[in-house]
Amino acid sequence: MAGRNHLYIPGPTNIPDAVLSAMHVPSEDHRSPNFPKLVKPLLEDLKKVFRTEKGQCFVFPATGTAGWEIAITNTLSPGDKVLAYRFGQFTHLWIDLAKRLQMDVEFHEVPWGEGVPLDHLEARLKEDKNHEIKALLICHNETATGVTSDLPGVRKALDSTNHPALFFVDGVSAIGSLEYRHDDWGIDVGLAGTQKGFMLPAGLALLAFSQKALAAREHAKCPRAFLDIHDHMVHNPGGYFPYTPAVPMLYGLKKAVELLLEEGMDNVYARHARLAEGVRRAVGAWGLRMCARDPKWYSNSVTAIVVPEGFDARDVMHYAYHRYNLSLGAGLSEVLGKVFRIGHLGDLNELMLASAIVGSEMAMLDAGIQVTPGSGIAAASEYWRQTAAPLAARA
Ligand code: PLP
């Protein structure tokens, strides 16, 4: 098919040309005296994206899933109780992984389309007088449903009950796109992958540990080897890794972090919020609803759109891909066929996202869903036009 593929799945996201070029490097000796010039500032700058000064960042040649495991095995012991809520495919998978690592997982079902129920959490923490709950597994942004949970609210629940549980955050589809403040929100382990807000291929797990989480490692009895942060703590200060690093990915990460910091993290969050609102306006104009059940759950990095009863969202994706070269995100597991998703995170602007809205509209019509042609893009574009930053007068 002529022309490019329009990639609007919620990760992997589009890779900026500057990042692609930065990764185009010859092989290099990762034990050379020069190598720390890449690694040391990279680990420091990464802290600015996680917004931590007190914590320590780690980079593993892995993905977000390994990040879940790194958080657990480096701080906990088999049989420890962890508390989680299940409201989408990724919360489901983290719970499953924790069980396989022999955690005593207490999890509560929450309707898909909602997020962490703060009232329940606070009540449960209050009830846990003996502090049996050792950690909270909190998914900041459930990518399967387009639901963002309130992390400061989680911190408040821990503080108001004076509960010492470790606060783990899956920020895979959030960090680098949605507001995330590791220190201010008292997060103990925050984790991300490179293929979403960081605008890179998948391949690195990125983490920030608080001092409390680092101290927990001393007593954590979970077996760990390749994913032990200790080996990184030994090698990273000198600017090295305990094993052969994915060097081109590190150069790409350096450039991606530079781009984020040049834009400014607050501006990055604001851009995502504004682009996401345009998508939500489009959904409203189509007369459809989002999987996220209430505005307080709306995600600024991905929108899951519910197709009307009697239609299969997979048909929309089929037409989008085969007729218009547009990749949309599928509904996963319990919402398979019920939703399709537009990913709006990473290297993105209005007109790029316009292609996802127009293509979704065309594909829905092809699949027999009677939306008014042009209605979605009219609503989104008008919102973006009216909220565009003012320009200086033309000379
Ligand atoms: N957590 C969330 C919220 C995700 O969206 C994903 C992947 O999409 C993961 C975890 C798993 O990450 P990975 O596929 O990089 O292992």
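In which loop does Asn162 lie? Asn162 sits in the loop between H6 and strand S8 (166-170). Helices and strands here are DSSP runs numbered from the N terminus, with at least four residues of H or I for a helix and at least two of E for a strand.

Before going on, the ground rules. This is a predicted model, in which local features need pLDDT of at least 70 and side-chain atom pairs count only at pLDDT 80 or more, while totals for chains, interfaces and linings use all residues. Residues are numbered from 1 along each chain as its sequence is written, and side-chain values use heavy atoms, with hydrogens and water left out.

Back to the backbone. Most residues other than glycine have a negative phi, and most peptide bonds are trans. Asn162 has a phi near 55°, a positive value in a residue other than glycine. Asn325 also has a positive phi, of about 55°, although it is not a glycine. Asn325 is found in the loop between helix H11 (313-324) and strand S13 (326-330).

Is each of these buried or exposed? Asn162 counts as exposed because its relative accessibility is 64%. Asn325 is buried, since its relative accessible area is 12%. The cut-offs are under 20% relative accessible area for buried, over 50% for exposed and partly exposed in between, with a 1.4 Å probe and protein chains only.

The peptide bond to look at is the one joining Gly11 and Pro12, which is cis, with omega about 0°. Pro12 lies in the loop between strand S1 (6-8) and helix H1 (17-23).

His108 is in strand S4 (residues 104-109). With a relative accessible area of 23%, His108 is partly exposed. Not counting residues up to four places away in sequence, His108 touches Leu83, Ala84, Tyr85, Arg86 and His120, where contact means heavy atoms within 4.5 Å.

Next, the ligand. Which residues are around the ligand? They are Thr63, Gly64, Thr65, Trp68, Phe90, Cys139, Asn141, Thr143, Asp170, Val172, Gln195 and Lys196, each with a heavy atom within 4 Å of the molecule.

An N or O atom in the side chain of Thr63 is 2.6 Å from an oxygen atom of the ligand. For Thr65 the corresponding distance is 2.5 Å. A polar side-chain atom of Gln195 lies 2.8 Å from an oxygen atom of the ligand.

The side chains of Asn141 and Thr148 make a polar contact at 2.7 Å. A polar contact is a pair of N or O atoms within 3.5 Å; within protein, one must be able to donate a hydrogen and the other to accept it, and residues adjacent in sequence count only if both atoms are side-chain atoms. Thr148 is in strand S7 (residues 147-148) and is buried, because its relative accessible area is 14%. Leaving aside neighbours within four places in sequence, the contacts of Thr148 include His140, Leu178 and Asn300.

On a 1 Å grid over the protein atoms alone, a cavity is a set of points where a 1.4 Å probe fits but cannot get out, and a pocket is an open set with protein on both sides within 12 Å along at least five of seven lines; lining residues have an atom within 4 Å of a point. Points are joined across faces, edges and corners, and a volume is the space filled by probe spheres set on the points.

The largest pocket has a volume of about 320 Å³. It is lined by 15 residues, with Arg289, Val306, Val335, Lys338 and Val339 nearest its centre.

The second largest pocket has a volume of about 230 Å³. Thr148 comes back here: of the 14 lining residues, the closest to the centre are His140, Thr148, Leu178, Glu179 and Asn300. Helix H6 (151-160) and helix H10 (265-286) are the elements that give two or more residues to this lining.

As for cavities, the whole structure has four of 30 Å³ or more. The largest cavity has a volume of about 50 Å³, and its lining includes Val59, Phe60 and Pro61.
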